[in-house]
Amino acid sequence: MNESSTPYGTETVSLADPLVASWWSAYSNRLQVSGIGSASREVIGADARYIVENGIFGAGPAGAPAWPVSRERRGLVMGAVQSGKTASMMAVAAMALDGGVDVLIILGGTRTALWVQTLERFVDQLDTLPDSHLRRVRMPSGPPGAVEGTDLDLLYSMNTGRATRAVERRRPIVCVAMKNTAHLERLGRALHETVFPAASRTGEPFHLLVIDDEADDSSVVDASADGPDQIDLLRKQVPRRIVDLWESRQRPGQTAEPNLYATYLAYTATPQANFLQDVRNPLAPVDFVASLRTPGSSGDPRVRESSYRVPEGLKGWYTGGEIYYKSLVSAPLCVPTDAAEPDDLVPDAARAYLVASAVRVLREAERLSPAAARGRAFGSRDEAKSSVVPVMSMLVNPSAAMESHFDVANSLLAWSYGSDSEIPREADGPSGRPLGTRGIELDMDENAGRWAVWLDRYRATASEVERTFALDTPRPVPAAESWDEVRRTILTELVPGTGVSVINSDEKADDRPEFSPRKNDDGTWSAPANHSTIFVSGNVMSRGLTLEGLTTTVFTRSASTPLADTQMQMQRWFGYRGGYIELCRVLMPQDQIDLFTQYHENDEALRRDVLAAMEAGSTPDLTILQGRSFLATGKIANLRSEPLFPGHEPFIRHMNAPGNDDDNLKLVSELFSGDAHPVPDESARRGLLLDEPVNLVEAADILDRLRYADHGASPTSVEAARWISVAHHAQMPDDDPLVPFYRAPVVGASVELGVSSPYSIAAYLRLWAAAITRGVPALMTTDARPVRWNILTSAERERREPRFWLGLRFGAGDPVTEGPLSSLRWPVRPMKRRLVDATNDLDGTWGSRNRAGETIRGDEVFDYTARGIDPPLNLDGARLPGSDGMILFHVIGREDGSQTIAVGLGIPLGGPDHIRARAGTES
């Protein structure tokens with residue numbers, strides 16, 4: 001899409017010239033100083049411009065005719081875990097301010113630490129223009145470090161005179177607020193009591209922009225437990241208070257003032273709940289969506305894809321799921337722990353961490369190690385940063401229970417000291433309690449092989465990284481014979497400078513990590529407090545907090561019903577770790593590795609949907625995937641699963657009215673006018689079976705030829721949107737003959753048949769045909785024990801491809817003497833089947849017409865019985881992978897003597913499937 005186009009509106013907003021002092025030029029300079037490469041800066045700017053022009057100003061400037069009557073618009077930006085969403089958020093804020101937004105509110109997280117962190121970033125990175133006090137009014141107005149504990153009336157104060165001057169001088173009001181009911185209530189009061197009245201007096205359109213960081217956290221509204229016609233907005237106080245920022249409770253559904261225009265922009269890496277929530281929630285993203293791009297191994301920065309290639313290579317890449325679960329799966333970076341001794345799991349991870357850190361220290365021989373840097377003073381921040389080796393860290397994420405965090409930390413310290421009695425009881429400043437040397441030295445003597453093996457593993461992974469990514473510069477790892485040097489480095493350069501820190505909400509926990517150089521009272525600078533740290537933490541590490549230099553993670557958490565969005569946020573090992581990715585390891589059970597892999601594939605599928613929506617300029621019914629063993633989110637009640645697979649024996653019970661089925665009767669007559677096999681003998685008493693089967697695509701085409709007077713959802717229907725989404729997941733090109741998968745005819749006032757629609761079943765068969773030659777991500781097989789579709793070999797996918805036999809089922813009625821079926825070679829006797837009252841639907845599906853003295857199986861295996869073959873079925877009657885399928889047409893006699901057609905199918909297992917999450921209960 002052209003960056004200047006506006007698919008959500010008709011007007012283009014001209015941003016300030018970047019050559020003059022503007023919010024964007026100031027922030028762009030900060031990005032450059034931060035070391036972010038030119039390609040990444042360009043993409044950050046292009047993505048932000050898209051969001052501002054097509055989202056925030058997608059209906060034009062405030063007051064433009066394209067705005068809805070509510071004067072409210074809301075959308076969502078999808079990022080990636082640990083990918084740097086804040087950089088985009090600040091870029092969007094800068095461009096929005098340049099574009100004329102009058103009030104900017106950034107909701108900076110539900111925890112104080114995240115709120116303060118966001119406020120610090122805003123002040124340090126964006127609020128940097130000269131004479132800033134003349135350019136904007138900021139709340140809170142003081143230094144970020146002073147906001148904790150400050151009275152809320154002072155933090156969010158705005159007297160009438162100040163508000164009036166800001167509005168009259170078109171000086172934007174900017175606020176970074178905590179997503180907390182008390183904070184939001186006080187901020188809302190300031191807006192409604194002073195700012196909005198001042199804006200109303202001008203009579204000019206006034207634009208409020210709210211950017212909600214981590215918008216899936218506390219901002220989602222579920223359907224009410226009181227019934228589907230209500231939503232829990234009143235019970236969910238945080239969303240209610242967010243809406244209160246621009247609405248009056250006396251006039252819900254519109255902004256509080258006729259000249260007030262409000263845009264709500266959600267930012268999150270895990271938007272499952274945001275998309276699944278009730279669309280009546282005033283925070284649901286119904287007007288626009290966008291997906292941020294990340295630097296990686298492929299992609300053109302000029303093309304809107306999920307990733308783009310950067311000239312700096314691997315060290316500049318985002319190392320997320322594509323690296324951990326796909327590109328380097330053979331390395332592997334994720335290490336199964338199922339066979340590990342429970343008591344040795346954390347110590348072995350500590351061995352891995354210390355060996356990896358020693359490799360990093362040896363690679364930076366000219367810089368000071370964590371032990372050598374302790375107590376050293378530097379003349380400036382830059383000197384402190386350049387003189388010491390980069391920050392290194394390890395994370396143990398054992399469970400949500402806070403006491404277990406202290407237990408793990410104590411046992412790790414006891415291992416390092418060799419004795420419980422020697423463990424220090426107090427933290428050594430922000431770095432936590434110091435690691436011991438004596439116990440580690442003893443462990444090196446007793447378990448030398450468990451230490452040295454990590455060198456071998458890192459060396460093998462370094463070779464794999466060099467080969468996979470065609471690196472010009474080798475990643476050196478000492479050989480086994482150099483172990484003595486590595487051992488010395490660990491014992492003298494690392495352990496004395498390494499701490500163990502517990503980070504959780506317990507009052508006994510340590511302070512939040514400090515990864516930047518520290519300024520001392522005498523004006524000198526010291527190395528970061530957390531220069532080398534083993535962190536033990538739980539939920540507090542699951543969102544927003546980045547662990548710099550993280551190489552080693554132990555993840556032992558488990559859940560009876562895993563929640564994809566919650567667990568995805570725990571992937572602290574993601575980030576920009578390309579410079580040392582060969583030294584990174586995540587130790588966790590194999591089933592958890594499998595879950596994270598599936599989460600990643602589902603996440604990429606959703607991202608492709610959002611990217612397609614950006615290209616189309618629409619917000620379609622996005623497909624949120626979950627799995628048979630996990631849910632997409634726990635924030636939505638009554639979440640149900642909808643598979644693509646229509647089942648192994650779907651039956652189309654719906655029929656046309658008596659005397660109104662000529663199209664389908666002609667189709668059947670045409671199909672069975674050629675070579676057919678009478679069943680069970682020449683009498684054709686039971687029916688006919690064609691002599692040759694058809695392939696998947698031919699079977700789909702036959703189903704699509706069925707016609708119904710009252711069924712045929714249009715190409716813009718929900719079902720059509722779902723199959724468009726599936727095509728995005730399968731990465732099908734628009735000119736592929738198999739797309740669109742879904743080809744229902746357009747019928748007015750169509751009844752909904754769901755997966756029992758012949759057109760939906762046909763779409764599934766086309767997907768299967770497309771997936772045979774493609775390792776489509778985010779698909780699982782329909783086997784009794786599913787596996788990921790993209791790990792099947794091409795030969796195995798071909799082996800599973802079914803053929804479909806076409807059968808025609810007769811009954812015991814009088815032979816048909818008129819109409820299309822009367823021309824067939826054998827007499828067609830209609831079936832006598834009961835219908836649902838006052839409908840044209842069969843009151844039942846498959847029927848077995850066993851007769852005395854005959855060995856006749858049920859209609860579900862009509863084709864196998866006709867060919868005299870014992871059907872390959874599993875215990876529940878499903879056809880096994882690799883076996884044939886069947887389409888069986890049923891001739892149903894009607895009360896007026898006419899016939900109508902019903903259809904049943906036998907679809908083998910082993911095909912592709914995914915599970916869509918849907919909110920609400922089944923009717």
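## Cavities and packing

The lining of the largest cavity has 7 nonpolar, 3 polar and 1 charged residues (nonpolar: Ala, Val, Leu, Ile, Met, Phe, Trp, Tyr, Cys and Pro; charged: Asp, Glu, Lys and Arg; polar: the others, Gly among them). The model is predicted: local features need pLDDT of at least 70, side-chain atom pairs count only at pLDDT 80 or more, and totals for chains, interfaces and linings use all residues. Numbering runs from 1 along each chain as its sequence is written, and side-chain values use heavy atoms, without hydrogens and water.

A cavity is a set of points on a 1 Å grid over the protein atoms alone where a 1.4 Å probe fits but cannot get out; lining residues have an atom within 4 Å of a point. Volume is the space filled by probe spheres set on the points, which are joined across faces, edges and corners.

| Cavity | Volume | Lining includes |
|---|---|---|
| Largest | about 80 Å³ | Gln272, Tyr599, Asp603, Phe630 |

Helix H19 (590–616) gives the most to the largest cavity's lining, with 4 residues. Helices (H or I, at least four residues) and strands (E, at least two) are DSSP runs, numbered from the N terminus.

Three strands form an open antiparallel sheet, ordered E19-E29-E20. E19 (625–626) and E20 (640–643) are the edges, each with a single partner strand, so one side of each lacks a neighbour in the sheet. Pairing requires at least two DSSP bridges; E20 and E29 (residues 915–918) have 4. Glu642 stands opposite Arg916 in E29.

Note on methods: 1 Å grid on protein atoms, 1.4 Å probe; cavity = no way out; pocket = protein on both sides within 12 Å on 5 of 7 lines; lining within 4 Å.
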